[in-house]
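Colleague: Could you take me through one part of this model in close-up, and then through its aromatic pairs?

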Amino acid sequence: MTTVLKASPRRFVSTPSIERVAARALRYLQSGFSVHLRGPAGTGKTTMALHLADLLSRPIMLLFGDDEFKTSDLIGNQSGYTRKKVVDNYIHSVVKVEDELRQNWVDSRLTLACREGFTLVYDEFNRSRPEVNNVLLSALEEKLLVLPPNNNRSDYIRVNPHFRAIFTSNPEEYCGVHDTQDALMDRLITINMPEPDELTQQEIAIQKTGIDRESAQLIVSLVRSFRSRTGAEKTSGLRSCLMLAKICHEHEILALPENPEFRDVCQDVLLSRAGLALTEATHLLWEVFNEMIATHAMQLEAEKHAPHSRVIPMVNAARSANDALDEFDLVAEDETGDETEDETGNETANGFPEVDLSQPVQVEETAAPVPPESLPLKKKRKSTAQSSLLTAPTAEGEI
Ligand SMILES: Nc1ncnc2c1ncn2[C@@H]1O[C@H](COP(=O)(O)OP(=O)(O)OP(=O)(O)O)[C@@H](O)[C@H]1O
Ligand SMILES: [Mg+2]
């Protein structure tokens with residue numbers, strides 16, 4: 001039995017950059033072309049493909065590329081037999097027996113989609129061997145699907161005009177991926193999907209995990225700096241961000257580099273993905289922690305010197321470019337409505353002391369470094385007039 005899917009847009013997060021890709025792809029699909037989303041792992045290709053399929057409002061056939069695939073897995077095959085036996089004893093002295101054995105043909109997903117005009121989502125199609133995908137060539141161009149010869153049915157299926165195909169793939173240098181035949185690539189419109197921008201990653205983290213905006217910002221920028229140091233290009237940082245955000249949110253781990261618990265989670269999630277020796281990756285991660293702590297300390301110093309306006313959370317800078325996010329409350333932790341006092345005694349909302357960023361600020365020398373574990377971790381992010389740099393781990397893997 002072949003199952004038809006209906007995609008649910010329930011948790012699809014849309015930001016201006018995602019919308020742009022979706023609008024382009026949808027345009028191509030509406031004009032009858034097949035779309036191919038290509039990019040490194042974790043950039044949101046499968047999610048986007050399902051979202052597009054949902055926008056087409058047709059039933060979806062989902063297919064995952066596989067090295068073991070045969071053409072029959074795409075189009076269908078003979079499955080079992082039907083036997084028909086007629087015993088004719090019309091004249092009592094004569095018995096006529098007719099015995100007929102027929103092979104049953106069972107459509108596979110591509111055939112069904114072509115026949116009924118469904119949307120085919122062929123995820124990671126270049127994991128199937130190229131010759132297996134040859135059957136798609138005529139289906140996409142001549143709108144004819146060619147089936148193996150059989151006496152009981154037609155050898156060709158005319159492709160339903162509603163049929164659309166959306167492909168996704170990882171670049172060819174990936175392990176387990178085959179080259180794609182030029183003829184197939186020539187029939188597709190390929191949209192390259194790079195790693196989502198910072199704002200998109202934050203929004204996805206916030207909406208998928210429920211983490212607060214400030215923590216999401218910190219996680220995304222931490223993962224970005226670490227990945228740019230390690231030169232990771234094969235994957236996107238989005239999955240790492242989602243993992244960190246989910247763990248921190250569900251287990252109430254304060255997402256601050258001063259927090260040893262948070263640093264442990266970061267190591268577990270990030271080090272193995274760096275593609276570097278463990279010591280080197282650990283060292284680089286520690287550099288990122290230190291840099292973030294130093295920046296935080298400078299920010300706090302700046303707050304001391306200019307107490308009468310708000311620190312603008314980083315995300316506000318992106319606000320003008322992102323009207324679609326107006327519905328979001330971009331100020332961190334606004335819902336609590338907590339009123340706190342900064343060190344100069346000025347009352348501020350949400351623990352952000354007031355600073356006028358348009359004025360030049362003098363930064364005093366920061367407090368003497370203390371071991372990270374001894375730093376007080378306050379519930380509120382305001383905290384740490386006494387931030388300090390971390391010392392790099394000594395033993396391999398031990399921090
Ligand atoms: N627009 C989005 N809205 C909500 N979640 C998203 C969005 N884009 C990506 N994600 C989430 O990011 C993660 C990675 O996305 P996805 O699996 O689509 O990436 P991919 O490019 O198909 O990766 P791979 O190449 O490894 O298959 C998933 O957990 C997915 O739910
Ligand atoms: Mg995928």
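Modeller: Thr-111 sits in helix α4 (residues 109–116); helices here are DSSP runs of H or I with at least four residues, strands are E runs of at least two, and both are numbered from the N terminus. With a relative accessible area of 0%, Thr-111 is buried (under 20% relative accessible area; exposed is over 50%, partly exposed in between, with a 1.4 Å probe and protein chains only). Leaving aside residues up to four places away in sequence, Thr-111 touches Leu-74, Ile-75, Gly-76, Leu-145, Leu-147 and Ile-157, where contact means heavy atoms within 4.5 Å.

Keep in mind that this is a predicted model: local features need pLDDT of at least 70, side-chain atom pairs count only at pLDDT 80 or more, and totals for chains, interfaces and linings use all residues. Residues are numbered from 1 along each chain as its sequence is written, chains are lettered from A and ligands numbered from 1 in the order in which they are written, and side-chain values use heavy atoms, without hydrogens or water.

Now the rings. Searching the whole structure turns up four aromatic pairs (Phe, Tyr or Trp rings, the six-membered one for Trp, with centres within 6.5 Å; planes under 30 degrees apart are stacked, over 60 edge-to-face, the rest tilted). One of them is Phe-125 with Phe-167: the centres are 5.1 Å apart and the planes at 70°, so it's edge-to-face. That pair ties together distant parts of the chain, 42 residues apart, with Phe-125 in the loop between β5 (119–123) and α5 (135–141) and Phe-167 in strand β8 (residues 164–169). Phe-125 is buried at 0% relative accessibility, and Phe-167 is buried at 0% too.
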